[in-house]
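Here is a short briefing for a first look. Keep the sequence and the 3D view open as you read.

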Amino acid sequence: MHAVVQHRLGGGEVLAVETVPRPMPLPTEVLVRVHAAGINPVDWKTREGHGMADVLGEPPFVLGWDVAGVVEEVGFGVTTLAVGDRVYGMPWFPRSAGAYAEYVTAPARQLTLAPTSLSHAEAGAVPLAALTAWQVLVDTLHLQPGQRVLITAGAGGVGHFAVQFARHLGAHVVATASAANHEWLRELGADEVVDYHDAGYETRITDMDAIVELVGGDESPRLAGTLRPGGIIVAVPGGVSEELAAAVAEAGGRATAFLVEPDAPALARIAELIDAGEVRVEVARTFPLEEVGRAHELGETGRTRGKIVLTVDA
Ligand SMILES: NC(=O)c1ccc[n+]([C@@H]2O[C@H](COP(=O)([O-])OP(=O)(O)OC[C@H]3O[C@@H](n4cnc5c(N)ncnc54)[C@H](OP(=O)(O)O)[C@@H]3O)[C@@H](O)[C@H]2O)c1
């Protein structure tokens, strides 16, 4: 089969399509013919030696966690999926899944049926970003109707799902984004949208019960003052820095790190919301597998609206 193999850490130029052996499903696993592989920032961070590079170990390895495709073979004992099922998921994370390839194997219970209303490319855009938004809002923050939640980078892969899930949960949603994305984010359910390019923009945001912080770096500590006493900030990109811990303590709030996990039941619930028309999936652009370097380059601009997806079998 074809797969994007990298033999050393580095820029997009280290990514190349090669012919490698097709994997075989072990008992309880399925073999999936990949039609689309979503791209996430963790992919290019890992490519460079950050992200999950420590977990994956020395190259060579195959990047990619988001998978949408069709079950080609089931291993011994699998009863929840069958050959021909259209599935999606982010198996194995944070271990290697090797989704930038024509086939992957995965534990059957880390995949679930893909939303029927989506193309393969759209389904491939969902798992890691949507699960991050879901697990932060539902499992970590236990967001309640009427609570005020700030979502930074609202127009990105995680952010656009978080805005829609938070609205679905009945929260008052404030998002940060460039002006060009404000109208779109309001359509998705944001009650207020703030342009983070404006100097001192954070002073216009007050009394937050929760912050889904998706930018990282200096952004998290400067937002601590927007929390109400007892409010909580989930520092999604880099965890809780010393600066963030100090700023949050001063604001009388709390801060927590977070790492997304494979979660087929949550993906099944997300598929229901998508098929019911409650949640939209934004695919900014698709690239064929061979153009993976260009796809990373575009993602690394940090200006993507929604998701970038590799199409593996057009
Ligand atoms: N810990 C975990 O489990 C986990 C899981 C998923 C993602 N992450 C991390 O979370 C971050 C977000 O992921 P993603 O997939 O959503 O990224 P993404 O899709 O690449 O984010 C792109 C968006 O970021 C926005 N943006 C850039 N700088 C900003 C700023 N200073 N303030 C507000 N928005 C800004 C841009 O908005 P405009 O175009 O409107 O300017 C753009 O829409 C990444 O660092 C990723 O690695 C962590």
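Predicted model: local features only at pLDDT ≥ 70, side-chain atom pairs only at ≥ 80, totals over all residues.

Residues are numbered from 1 along each chain as its sequence is written, and side-chain values use heavy atoms, with hydrogens and water left out.

**The shell around the ligand**

- Helices (H or I, at least four residues) and strands (E, at least two) are DSSP runs, numbered from the N terminus.

**Polar contacts and burial**

- A polar contact here is a pair of N or O atoms within 3.5 Å.
- Ser178 places a polar side-chain atom 2.5 Å from an oxygen atom of the ligand.
- For Asn181, a polar side-chain atom lies 2.8 Å from a ligand oxygen atom.
- Val260 uses a polar backbone atom, 2.8 Å from an oxygen atom of the ligand.
- Taken alone, the ligand exposes 950 Å², and the protein buries 88% of that (Shrake-Rupley method, 1.4 Å probe).

**Salt bridges**

- The whole structure has 11 salt bridges. Each is a side-chain nitrogen of Lys or Arg within 4 Å of a carboxyl oxygen of Asp or Glu.
- Arg22 forms a salt bridge with Glu73, with the closest N and O atoms 3.6 Å apart.
- This pair links distant parts of the chain, 51 residues apart. Arg22 is in the loop between strand 2 (16-19) and strand 3 (29-39), and Glu73 is in strand 5 (residues 67-74).

**Backbone exceptions**

- Most residues other than glycine have a negative phi, and most peptide bonds are trans.
- The bond from Pro59 to Pro60 is cis, with omega near 10°. Pro60 is in the loop between helix 2 (53-56) and strand 4 (61-62).
- The bond from Phe93 to Pro94 is also cis, with omega near 5°.
- Thr28 has a positive phi, near 75°, and is in the loop between strand 2 and strand 3.
- His142 has a positive phi, near 50°, and is in the loop between helix 4 and strand 9 (148-151).

Note on methods. Polar contact = N/O pair within 3.5 Å; in protein donor to acceptor, adjacent residues only side chain to side chain.
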